[in-house]
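Please find below some notes on the model under review. They are set out as numbered points.

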Amino acid sequence: MNGIFGAVFLLSALLFLIFDPDGFLGALLAGGQKAATLSLSLLAVYCVWLGFFKVLEKSGLAGNLSRRMLPLARRLFRSDDPAALGDACGNLSANLLGLPGAPTPLGIRAAERFCAANNFYAADMLFVLNATSLQLLPATVIAMRLAAGSSAPADIFLPTLLSTLLSSALGVLLLSLTSRRKRRRKR
Amino acid sequence: MKFLSLLIPLLFLLVFSYALRRKVRLYDAFTEGVKDAAPLILTLFPFLAAILMLSELFEQSGLSAMLASVLSPALRALGIPAEIAKLVLLKPFSGSGSTALLGEIFSSYGADSYIARCACVAYGSGETVFYISAVYFARTKRKKLLKPIMISLTANFAAVVFGCFLCRFL
């Protein structure tokens, strides 16, 4: 991340220096402004979902749900930690349902738990699954097309679904092929 | 679409009524959960700020447009229309930026055009990889993120190529 940050930052700063030196600070401030407003709206989103998830957890439903997904999750993440796997399953389900903002808090907690147990493979796998998009119904895109006057706003559903399935499958495959299996179980 | 708007209220209704039957103290549980929201935002904030500043620099400096024009012949060879090259490049950095770009593509080419449909698939099949890597690893000490980031970018890119191909028939 340090390399990417440095490279993109320096190249952009250089371009600003050559073409538009006055725009540089403005662009940085615009980013900071976005971060400030985004964290406020994320705070609102996390209040809703963290409250909801605590109720879900206390009711015992979360446990039931993740127990059903456990055999699959155990193999996918190469982990035996029920708490971390439960969070990861919650993250994946919230992603599949397309609940806006809900996957993130669970995903962060799962990654934290996986890394605390030194299971970096699992944290990477969770990240790859999230970063290749798991959403089954591209609701935002369909709404935007509808607003733009499309005659068949939902006809991108099938190609999007197929290609997002491909990206996730490819991501999982690449990660599991490039990681040695030795790390399996504890360590 | 009707189903989708029902989903969230239904989910809350089902879970809360089930929790009530299991004698969960709703108010206490809910507030206990919300308590974690503010600390979570505080840990995320530095990473959010850095990534959003970076994506702003990337776009406003013209670097993304420059890269897009350099790469567009190669992308075209893979079947990706040159008009969406910028979207493909911006998507890993910024969700709001790529949403704005998608809207622009709709208004300049029409929402039903082949280009717009490819753009939808490019937008929908991947995620904001850099943003997600910053957020998901915010509470860990994991530093070696190059491999998972590269894998995600590769997988998403392959999905865009595949999606543009599919858009010709479907």
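**Notes on the model**

1. In helix 3 of chain A, Ala62(A), Gly63(A), Leu65(A), Ser66(A), Met69(A), Leu70(A), Ala73(A), Arg74(A) and Phe77(A) meet Leu85(A), Gly86(A), Ala88(A), Cys89(A) and Gly90(A) of helix 4 of chain A. Contact requires C-beta atoms, placed from the backbone, within 7 Å; helices are DSSP runs (H or I, at least four residues) numbered from the N terminus. By class, this contact has nine nonpolar, four polar and one charged residues. Ala, Val, Leu, Ile, Met, Phe, Trp, Tyr, Cys and Pro count as nonpolar, Asp, Glu, Lys and Arg as charged, and the others, Gly among them, as polar.

2. This is a predicted model, in which local features need pLDDT of at least 70 and side-chain atom pairs count only at pLDDT 80 or more, while totals for chains, interfaces and linings use all residues. Residues are numbered from 1 along each chain as its sequence is written, and chains are lettered from A and ligands numbered from 1 in the order in which they are written.

3. The axes of helix 3 and helix 4 of chain A come within 8 Å and cross at roughly 100 degrees; these axes are lines fitted to C-alpha atoms over the stretch in contact, with angles from 0 to 180 degrees between N-to-C directions. The two helices are therefore roughly perpendicular, a label given to angles of 65 to 115 degrees.

4. Helix 3 of chain A (residues 61-77) bends by about 60 degrees at Leu70(A), with Pro71(A) following within four residues. The bend is the angle between axes fitted to the seven residues ending at a residue and the seven starting there. Just after this helix, Arg78(A) takes a positive phi of about 50 degrees.

5. Ala62(A), Ser66(A), Ala73(A) and Phe77(A) of helix 3 of chain A are buried, that is, 20 or more other C-beta atoms lie within 10 Å of their own. Their cover includes helix 2 (23-59), helix 4 (82-97) and helix 6 (120-131) of chain A.

6. Between the chains, 77 residues of chain A are in contact with 77 residues of chain B. Helix 2 of chain A gives the largest share of chain A's side, 23 residues. By class, that side has 49 nonpolar, 22 polar and six charged residues.

7. In helix 8 of chain B (residues 129-136), eight of eight residues are buried. These pack against helix 5 and helix 6 of chain A, together with helix 3 (37-60), helix 6 (95-109) and helix 9 (146-166) of chain B.

Methods
A residue is buried if 20 or more other C-beta atoms lie within 10 Å of its own, exposed if 12 or fewer, and partly exposed in between; C-beta atoms are placed from the backbone. Two residues are in contact if their C-beta atoms, placed from the backbone, lie within 7 Å. Angles under 35 degrees count as roughly parallel, over 145 as roughly antiparallel, 65 to 115 as roughly perpendicular and the rest as oblique.
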